[in-house]
Amino acid sequence: MADTQRMGRHRQASPESFDAPRRCPRKVALGAAVLAATLLVASVVALYGPWHQARAAQSPSQSFELPTNPGSYIGVYARGVPTSYAPVKAFTAASGIKPGLVSYYSGWSEPFQTGFATTAASMGAVPLVQLNPTGISIAAIAAGGYDSYLRTFAEAVRAYHRPVILSFGHEMNGNWYSWGYTHTSPATFVAAWRHVVTLFRRLGAQNVTWLWTVNSIHQPTGVPAPNPWWPGNSFVTWVGIDGYYTTSSSVFASVFGPTIADVRTLTRKPILIAETAATPAAIQPAKISDLFAGIHLYGLLGFVWFDSVHTTDWRLSGTAAFAALRRAVEIYPTSAP
């Protein structure tokens, strides 16, 4: 928030406050110099004040720092956002859970969805934006070739003036995206990540929590450890890990444990499970309980449930699943305000 500008008022001495015949010329000259200096300072303050206030409004603020206590967040991605907030409300109506994070995926060239973010804030949620450079040259991003678009996006985020979680090119250690493994070199991705973060910061978008989101390590399908894609502590606020319960034998330790251990060799930054879900065949109620227990066992921030259909139906279904979610929240209440 802008600092309060305190403007002093110059008070002119009355004629009765000095004896004109006994005035000393040196004192008069000194007084004139002091008066001139005072007027100069006042002029500088008058000119500097508005600029200082504008800069202060863009400087890092405690109000933009999100809680990092373990188990702070339950989030959701609901199919149909950000066109409408109705899917999130439907999730709340069915589950009884009001999410603290609401995720959406932003295609390249799409603007920041200020209206959706404002609605989320009014509902007590923080928007989590996955910025996807699909089909875009990552080397060109790193070289500044898309700065015009990024500048517009950053300025809109800054003008929103509330916390935003932003992830660029998630799951880069997987091979299914154009910016990912086998398609773009880790060094090029790192250069692009650093460029994006630097540009946003230079433009004063200090309300961004930078979420470096990787896919969970999965050797059978060739998803490697994410170390080569690490951009460095100064360019990351939180780490995100995406992973899913695909079978009845899936457990938190096997789905996320190896990746958490690998990330901890890189950084002590807070970790969020940025995408997760379980198929009905994986026995959703048991996986929900396991998910909450794992979050607290490993001391993570929380999770975002992918409540949608993407080749597989990951949506919560059945009264038992929703009951398990409500029961887990009672056992492990979120600690974020």
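This is a predicted model: local features need pLDDT of at least 70, side-chain atom pairs count only at pLDDT 80 or more; totals for chains, interfaces and linings use all residues.

I started with Trp229, which is buried, at a relative accessible area of 2%.

I counted 27 aromatic pairs in total. In one of them, Tyr181 and Trp229 sit edge-to-face, with 5.8 Å centre to centre and 85° between the planes. That pair links distant parts of the chain, 48 residues apart: Tyr181 is in the loop between E4 and H6, and Trp229 in the loop between strand E5 (208-215) and strand E6 (238-242). Tyr181 is partly exposed, at 33% relative accessibility.

I then checked Phe252 and Phe256. Their ring centres are 4.8 Å apart and the planes are at 45°, so I noted the pair as tilted. Phe252 is buried at 2% relative accessibility, and Phe256 is buried with a relative accessible area of 0%.

I also found a cluster linked by ring pairs, whose members include Trp108, Phe112, Tyr146, Phe168, Trp193 and Trp210.

Then I turned to the backbone. Where is the cis peptide bond? It joins Val81 and Pro82, with omega about 5°. Pro82 belongs to the loop between strand E1 (73-78) and helix H2 (86-95).

For positive phi I wrote down two residues. His161 has phi near 60° without being glycine; it is in the loop between helix H5 (147-160) and strand E4 (164-168), partly exposed at 39%. Thr182, also not a glycine, has phi near 75°. I placed Thr182 in the loop between E4 and helix H6 (186-202), and it is exposed, with a relative accessible area of 58%.

How values were computed: Residues are numbered from 1 along each chain as its sequence is written. Side-chain values use heavy atoms; hydrogens and water are left out. Helices (H or I, at least four residues) and strands (E, at least two) are DSSP runs, numbered from the N terminus. Buried means under 20% relative accessible area, exposed over 50%, partly exposed in between (1.4 Å probe, protein chains only). Rings of Phe, Tyr and Trp (its six-membered ring) pair if their centres lie within 6.5 Å; planes under 30 degrees apart count as stacked, over 60 as edge-to-face and the rest as tilted.
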